[in-house]
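This report looks at selected disulfides and at backbone angles in one protein model. Please view the sequence and the structure below before reading on.

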Amino acid sequence: MDQNQHLSKTAEAQHSEKRKTRNYCNGFKMFLAALSLSFISKTLSAIIMKGSITQIERRFDISSSTVGLIDGSFEMGNLLVILFVSYFGAKLHRPKLIGIGCFVMGIGSILTALPHFFMGYYRFSKDTPINPSENSTSSLSTCLINQNLLLNRTSLDIVGKGWEKESGSHMWIYILLGNMLRGIGETPITPLGISYIDDFAKEGHSSFYLGNLFAVTMIGPIIGFLLVSLFSKMYVDVGYIDLSTIRITPKDSRWVGAWWLGFLVAGIISIISSIPFFFLPKNLDKPRKEKKASVSLPVQNEEKSQMAHLIKQGQNVSETVAGFFQSLKNILTNPLYVITLVLTLLQASSHIGIITYVFKYVEQQYGQSASETSILFGFITIPTFASGVFTGGYIIKKFKFTLVGIAKFSFCSHMLSFLFHLLNFALICENKSVAGLTLTYDGNNPVASHINVPLSYCNSDCNCDQSQWEPLCGDNGITYISPCLAGCKSSSGSKNSVMFHNCSCVEVNGFQSRNNSMKLGECPKNDQCTRKFYVYIVVQIFIFFSSALGSTSNIMLVFKNVEPELKSLAMGFHSLTIRTLGGIPAPIYFGALIDRACMKWSVNNYGKQGSCRIYNSTLYGNTFFGLTTGLKLPALVLYVVLISVMKKKYQRKDIKTSENERKSVNEANLEPLSSDAAVDHETHI
């Protein structure tokens with residue numbers, strides 16, 4: 001009877017253990033799937049933000065430096081809660097914290113898209129009618145000889161009333177707040193998710209799960225680039241207006257795509273990814289011993305032990321704080337760590353600046369649309385970077401580099417990237433021929449500066465609004481700022497097929513024609529610039545690959561040059577420094593310098609400077625690549641310093657080790673002889 005009871009209890013125990021194992025496996029798989037979706041959503045949101053920078057700049061009529069501030073607000077939000085997450089994250093319910101983070105991230109993305117629904121229709125020109133159903137070409141101003149500016153001023157006053165809820169109304173602040181909220185929500189996902197996997201994965205399986213997680217994460221950028229490309233081709237007010245009345249194309253510098261749709265999609269996916277985390281337990285496999293102990297202890301004893309633990313914790317707070325500052329002092333007085341920190345900060349700043357404004361650069365420099373640029377970078381960056389990281393890791397493992405060898409390999413890879421980067425200067429296109437900016441208004445002579453170019457004989461009596469930007473392309477290959485400034489007397493056609501006639505400022509082969517006609521839109525880039533664009537794409541592939549080669553070695557240099565117990569602090573402080581001194585200011589000062597290359601600014605309804613319509617291509621290219629070169633070059637110099645300091649340090653260690661070994665050998669030889677050996681020695685003497 002007792003034996004049967006024992007067998008039944010054993011069977012029940014085995015059954016409950018199997019059930020517990022099954023629940024653990026199901027819970028872990030659910031967590032891994034939910035975390036994969038959250039990683040996809042956060043990378044998707046990041047790509048959509050980077051790809052929508054130009055669209056946001058144009059829609060809200062703001063400068064590149066202001067857009068840089070919006071982009072940097074993500075890091076600001078991240079920094080607000082990173083200390084809280086780092087300290088309390090592991091002690092609280094990690095899955096729920098991750099779920100809250102995903103939900104907040106989704107709300108931030110949706111908040112970013114909300115201004116679109118509270119603003120009026122996008123007005124890409126002063127002559128755009130307030131009601132989009134009206135004929136948008138009927139109000140285009142032509143040369144009105146011997147008439148005053150009363151008509152123009154009146155129309156501007158009318159248009160201004162329709163602009164009150166549009167550009168210039170500081171609605172971009174909601175974009176900044178939404179991006180900051182997205183940064184707050186993103187903070188707990190990576191550290192708490194990875195630590196949860198490491199804690200509850202089977203022994204030795206965590207690296208496999210993390211590898212799969214990061215591989216699946218690549219789906220996010222792929223979807224992001226595709227969505228940005230798709231939505232950039234759609235007009236911003238799609239679904240609200242008759243698109244046949246829109247006379248500009250996606251290659252026009254005033255075009256704004258449906259940027260808000262991307263943020264709505266990213267926000268919804270983030271909120272969906274948060275749901276499973278709220279149904280997951282705090283711990284997946286709580287040890288049986290802990291359960292038994294908790295059951296056997298009386299409530300009073302448990303409360304006493306908790307009180308004693310809290311008192312002990314309070315006594316240890318001062319020791320912990322002192323230990324933290326001592327550890328921080330140790331890593332900041334470590335020359336190898338400090339050199340690595342500074343050089344990686346310089347590299348990160350250049351990479352952040354490039355990633356933020358490379359879409360804008362390709363659009364402005366080579367005349368590509370936002371849609372084409374996005375799909376292009378999606379195809380070249382993801383496979384190139386992934387193959388570079390894999391190759392770099394394989395080389396380090398294959399040749400079993402020492403720490404000095406890893407530093408040399410990192411230096412070589414970044415030197416190679418730097419040399420390819422210098423080729424970008426040769427791929428900068430010449431400025432477009434624009435009457436009134438690079439040429440005189442009659443198109444005959446170049447000008448020294450684009451500022452306050454005087455009117456010509458062909459348009460001085462036209463009473464034109466010089467702040468207007470409604471570009472036309474002449475048969476002579478010159479772009480004119482507006483029909484009025486081109487001296488055009490009449491127009492024909494409707495909607496997006498308008499022709500202007502009798503344009504007095506247009507000369508073909510040196511002869512003026514009264515019947516000369518022009519079409520709306522800037523003149524395309526020349527064939528030489530198009531060829532440079534194809535070479536530019538090939539160069540970027542080599543730059544991305546060579547930079548990715550050294551990315552693994554950079555991470556290893558950060559934590560391999562400090563004591564083992566300080567690795568976590570070293571990585572945390574490194575991440576904090578990159579975010580604070582790289583992620584926040586880099587987009588702002590890159591944008592401020594890019595703004596200096598602008599030749600024609602829009603003017604908002606308050607008469608203030610808006611977004612840039614056309615850039616000086618040569619100055620833009622030299623500024624953009626000059627700034628990145630100025631950040632990359634000192635980093636390479638610091639690599640040389642780092643390698644030399646590492647050599648000296650490890651050579652001294654090797655010398656000390658060899659001296660200690662020699663001393664130990666000598667001491668072994670000089671040990672007192674045994675009694676028998678001593679007798680033999682004395683006999684020999």
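## Cysteine 523 and its partner

Cysteine 523 is buried, with a relative accessible area of 5%. Buried means under 20% relative accessible area, exposed means over 50%, and partly exposed lies in between, using a 1.4 Å probe and protein chains only. A disulfide joins cysteine 523 to cysteine 473, with an S to S distance of 2.0 Å. A disulfide is counted here when a pair of cysteine sulfur atoms lies within 2.5 Å. The pair links distant parts of the chain, 50 residues apart: cysteine 473 is in strand S2, and cysteine 523 is in the loop between strand S8 (518-520) and helix H17 (527-549). Helices (H or I, at least four residues) and strands (E, at least two) are DSSP runs, numbered from the N terminus.

Cysteine 473 has 11% relative accessibility, so it counts as buried. The link of cysteine 473 and cysteine 523 is right-handed, with 105° about the S-S bond.

## Basis of the model

This is a predicted model, in which local features need pLDDT of at least 70 and side-chain atom pairs count only at pLDDT 80 or more, while totals for chains, interfaces and linings use all residues. Residues are numbered from 1 along each chain as its sequence is written, and side-chain values use heavy atoms, with hydrogens and water left out.

## Other disulfides

The structure holds six disulfides. One of them joins cysteine 458 to cysteine 505, with S to S 1.9 Å. Cysteine 458 lies in the loop between S1 and S2, and cysteine 505 in the loop between strand S5 (499-501) and strand S6 (507-508), so this pair ties together parts that are 47 residues apart in sequence. The link is right-handed, with 95° about the S-S bond, and both cysteine 458 and cysteine 505 are buried.

The sulfur atoms of cysteine 488 and cysteine 503 are 2.0 Å apart and form a disulfide. Cysteine 488 is in the loop between strand S3 (479-480) and strand S4 (490-492), and cysteine 503 is in the loop between S5 and S6, 15 residues apart. Cysteine 488 and cysteine 503 are both buried.

## Positive phi angles

Most residues other than glycine have a negative phi. Aspartate 61 has a positive phi of about 55° although it is not a glycine. Aspartate 61 sits in the loop between helix H2 (53-59) and helix H3 (64-88), and at 10% relative accessibility it counts as buried.

Asparagine 463 also has a positive phi, near 55°. Its place is in the loop between strand S1 (434-435) and strand S2 (472-473). Asparagine 463 is partly exposed, with a relative accessible area of 27%.
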